Amino acid sequence: MKHVFPTYTRIPIDLVQGKGTVVTAETGQEYLDFTSGIAVCNLGHCPENITNAIQNQLSRIWHTSNLYESALQDHVAELIVGAEDRLVFFCNSGTEANEAALKLARKHTGKEKIITFEKSFHGRTFGSMSATAQAKIHQGFGGLVPGFTYVPFNDIAAFRTAIDENTAAVMLEIIQGEGGVIPANAAWLLEVQQLCRKAGALLIIDEVQTGLGRTGSIYSYQHIGLDPDIFTLAKGLGNGLPIGAMVGKSELSSAFGPGSHGSTFGGNKIALAAAKEVLETIKQPAFLEEVQAKADYFRDILETKCAHLPNVTSIRGEGFLIGIEVGCRADLLVSDLMKQGLLILTAGPNVLRILPPLTVSYAEMNEAADILKTVLENQLIGSEMG
């Protein structure tokens, strides 16, 4: 690629077609896509209902402006919040959703201090990058947005020391995806919430990667029984079309009145048409029950086929957000897996991150597990010979 900034280390294949879990490169080579575009295509590539909804909207109107009312925005917002007393701000990405959350928290509380956690990832604009507690994300960009405090994940003693009456908000992920597929401890989460209430700090949950069925519930915080003041969505919300959402309790609305925040393309009707279909699909109890059953099955076969291998340290995660920690470079394994027709991701230097579509079949899960086992075994043989 000669005309694009080299901000990504790109894998040398060009995916030009996809259907369900299978994607096809321009060479004609097919792959099982167990990345879902980094937890984006939760319902697989080009599902018929979403394709039809987008095409229908394309024939009507593409874009208006947030200067006008939008019944479609309000309907999708209602699908997001359900029966809860919450409001939605639409934007275009997870980064933008997190920026909106940070602004709302500071404006509502009148405080600046925000606590986030080591190995977190919340985005790459200055506010969300400052919330991301990873030095490699910060390097070379000068001074960050002030007011952020970083605390070790799952460490309640450190958190108790950090939180005080000057804290505006605490932002966290239920599972740190980019940080290594690290699940939060349920008891820790509940105590964090309790301490936030005591200090008058808002609890913000970043559901950009974990939300919308990825962990087996609509939102991952529901597994724990949390009640966040704000949560954020993106990735799977549009199944590939760019859309994000910041969702906050209605009592916060006075801080986000006219002129306080905005987005030209936020709540675009084409993206919303996709989001409507996504939400109506995943909110069906039978759909989520099937996701959980399939995720349990996949976890079991990964444990059976791979957990005993000496180069596998652990298998962790929830639902279809799975991390396999390995005793070697994960990126080299990803390359070998691609050669065998399976696309997966890394999460740090030694964790394989697996994110299949929620619609993946049992046959596809079996095939992926067999490929993983073969590549991991071959890596062991290669290391012994080397």
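Helices and strands here are DSSP runs numbered from the N terminus, helices having at least four residues and strands at least two. The model is a predicted one.

**Exercise 1.** Locate Arg124 among the secondary-structure elements, and state what UniProt and the pocket lining say about it.

*Solution.* 
1. Strand β5 covers 113–117 and helix α5 covers 126–131; Arg124 sits in the loop between them.
2. A UniProt "binding site" feature, from an unreviewed entry, is placed at Arg124 and Ser263.
3. Of these residues, Arg124 is included in the lining of the largest pocket.

**Exercise 2.** Take the UniProt "binding site" set that lists Gly94 and Thr264, and work out why its members do not all gather at one spot.

*Solution.* 
1. The unreviewed entry lists Gly94, Thr95, Phe121, Asp206, Glu207, Val208, Gln209 and Thr264.
2. These residues span 171 positions in sequence, and their farthest two C-alpha atoms are 25.0 Å apart, so the set does not all gather at one spot.
3. From this set, Thr264 belongs to the lining of the largest cavity.
4. Gly94, for its part, lies in helix α4, residues 94–109.

**Exercise 3.** Describe how α2 packs on α9: angle, axis distance, handedness and contact residues.

*Solution.* 
1. Helix α2 spans residues 48–58 and helix α9 spans residues 269–282; they pack at an angle of about 150°, and their axes are 9 Å apart.
2. Angles over 145 degrees count as roughly antiparallel, so α2 is roughly antiparallel to α9.
3. The crossing of α2 with α9 is right-handed.
4. On the α2 side, the contact uses Asn49, Ile50, Ala53, Ile54, Gln57 and Leu58. On the α9 side, Lys269, Ile270, Ala273, Ala274, Glu277, Val278 and Thr281 meet them.
5. By class, the residues of this contact are 8 nonpolar, 3 polar and 2 charged.

How values were computed:
Residues numbered from 1 in each chain as written. Predicted model: local features only at pLDDT ≥ 70, side-chain atom pairs only at ≥ 80, totals over all residues. Heavy atoms only, no water. Axes fitted to C-alpha atoms, helices over the stretch in contact; angles between N-to-C directions. Parallel < 35°, antiparallel > 145°, perpendicular 65-115°, else oblique. Left-handed = near helix turned anticlockwise from the far one by under 90°. Contact = heavy atoms within 4.5 Å. Nonpolar A, V, L, I, M, F, W, Y, C, P; charged D, E, K, R; others polar. UniProt positions renumbered as here; feature names shortened; annotations may be inferred. 1 Å grid on protein atoms, 1.4 Å probe; cavity = no way out; pocket = protein on both sides within 12 Å on 5 of 7 lines; lining within 4 Å.
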